[in-house]
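Subject: Structure for you to look at

Hello,

Please find the structure below, with the sequence. My notes on what was found in it follow.

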Amino acid sequence: MGRTSEKKNLTDNDKRAIVVSRQNGLTMMTLAGMFGVTKAGISQFLKRQKAQDGSIKSQRTGRPRVTDRDDDRNILKTSRTNPRLTAPAIRREVFLNSPSPPSVSTVKRRLNAAGIMGRRPVKKPLISEKNRAARVKWAKEHLNWTRQDWNKILWSDESKFLLFGSDGIQWVRRPIGSRYHPKYQLPTVKHGGGSCMVWGAFSGSGIGPLHRVNGIMDKHVYKDILQNQMLPHLRAMGRGSVYQQDNDPKHTSLFVKDWFKSRRVNVMGWPSQSPDLNPIEHLWEELERRCANKRAKNCNEKFAQLLSEWNQIPMSTIDTLLNSMQRRCQAVIDARGFATKY
């Protein structure tokens, strides 16, 4: 929904807040986002306000502000320099030598007024400087690849699926006082109830094989998967096809490298710590969603569910993933190799 004009939305309290926030250094674009109006609407209001010689400011009532413009600017600067600082820590740092520092609540209000809210941070892998450089290099080399280029890649990965429950955080909406009602509980079993490990692959021509991994997956198990699952599919893709895998130690062992060489398999060079560049990660998420409401008594039943849903993933999903590759590469370049949203 688009933003509306300033005339229809701004109350007297909004106007006072805009004047104060602008005095504290907030941009008109930020104010427009905070109050749900256009930037032009904010600009027009402030121009009229200036012409009226600060009439709204003169209408201000209540206790005087305990922070001035410099204090507010320092609060925002400190938070932006280190986003992990809590409001009490910011208060201590900014007002270390102040005889009468503001309350923690005041610091929180200044941060909230600037649109800096406390949020739960998304978890992403810590990427070394060396790997960041490698990620940017890879992204630049593949930025201008066409869909035809990406169609030649056989993407692969392993993933674990729980038989019971989920690894993620789940929420429930319930009335007060009903926390322990069975309807609002999340059933659990000891040790997570087990899991099913699978290896899968896909390409521009569609979904590839999905193979259940029994026991611990080492280089010998992986070689058998390559021989019996991956290689037939790669050969069917035609000449010039390339196999993609991440840099897991069993994937890059000398034993597996020799196998690739003896079978003349072209393996794509891959930057470490780059799940955001591999579209199969989103394919696992799609498979997880499709099986979310299905419970399994054992690994055999779970794999049957996974395989059934895997084979029903439409070509439109594959198209969406491969068409995102240019955006993924650009995102890594823009982030200077740090983890992206993908």
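The model holds an open sheet of 4 strands in the order 3-2-1-4, with mixed pairing. Two strands count as paired if DSSP finds at least two bridges between them. Strands here are DSSP runs of E with at least two residues, helices are runs of H or I with at least four residues, and both are numbered from the N terminus. The edges of the sheet are strand 3 (206-213) and strand 4 (242-243), each of which pairs on one side only.

This is a predicted model, so a local feature needs pLDDT of at least 70 and a side-chain atom pair counts only at pLDDT 80 or more, while totals for chains, interfaces and linings use all residues. Residues are numbered from 1 along each chain as its sequence is written, and side-chain values use heavy atoms, with hydrogens and water left out.

The sheet, pair by pair

Strand 1 (residues 153-162) and strand 4 run parallel and are joined by 2 bridges. In that pairing, leucine 154 has tyrosine 243 of strand 4 as its bridge partner. Strand 1 runs antiparallel to strand 2, with 8 bridges between them; glutamate 158 stands opposite tryptophan 199 of strand 2. Strand 2 is also antiparallel to strand 3, through 6 bridges, and there valine 198 faces arginine 212 of strand 3. These two, strand 2 and strand 3, form a hairpin with 2 residues between them.

Strand 2 (residues 195-203) is largely enclosed by the rest of the structure because 7 of its 9 residues are buried. Buried means under 20% relative accessible area, exposed means over 50%, and partly exposed is in between (1.4 Å probe, protein chains only).

The chain as a whole

Apart from its 4 strands, the chain has 16 helices. Of its 342 residues, 37% are buried. For contacts (heavy atoms within 4.5 Å) between residues at least 6 apart in sequence, 72% join residues at least 24 apart.

Helix 2

Helix 2 (residues 12-23) has 12 residues and spans 17 Å from its first C-alpha to its last, close to the 16 Å expected at 1.5 Å a residue. The expected span is 1.5 Å times one less than the number of residues. Ile18, Val19, Val20 and Ser21 are buried in this helix. The buried residues of helix 2 pack against helix 3 (28-35), helix 4 (39-51) and helix 8. Just after helix 2, glycine 25 has a positive phi of about 100 degrees.

Salt bridges

Side chains of opposite charge can pair when their charged atoms come close. A salt bridge is counted when a side-chain nitrogen of Lys or Arg is within 4 Å of a carboxyl oxygen of Asp or Glu. The count comes to 12 salt bridges.

Aspartate 72 takes part in a salt bridge with arginine 65, where the closest N and O atoms are 2.4 Å apart. Aspartate 72 is buried at 2% relative accessible area, whereas arginine 65 is partly exposed at 31%. Aspartate 72 also forms a salt bridge with arginine 110 (3.2 Å, N to O). This second pair links distant parts of the chain, with aspartate 72 in helix 6 (residues 69-81) and arginine 110 in helix 8 (residues 104-113), 38 residues apart. Both aspartate 72 and arginine 110 are buried.

Arginine 290 and glutamate 286 form a salt bridge too, with their closest N and O atoms 2.9 Å apart. Both lie in helix 13 (residues 280-290), 4 residues apart, which is about one turn of the helix. Salt bridges with shared partners join Glu286, Arg289, Arg290, Lys294 and Glu309 into one network.

What does the side chain of arginine 328 make a polar contact with? The partner is the side chain of histidine 282, at 3.2 Å. A polar contact is a pair of N or O atoms within 3.5 Å; within protein, one must be able to donate a hydrogen and the other to accept it, and residues adjacent in sequence count only if both atoms are side-chain atoms.

Arginine 328 lies in helix 16 (residues 325-334). Arginine 328 is buried but has no salt bridge, and the nearest side chain of opposite charge, aspartate 276, is 6.9 Å away. For charge, Lys and Arg count as positive and Asp and Glu as negative, while His and the chain ends are not counted. Leaving out residues up to four places away in sequence, arginine 328 touches Asp276, Leu277, Asn278, Pro279, His282, Leu321 and Tyr342.

Regards
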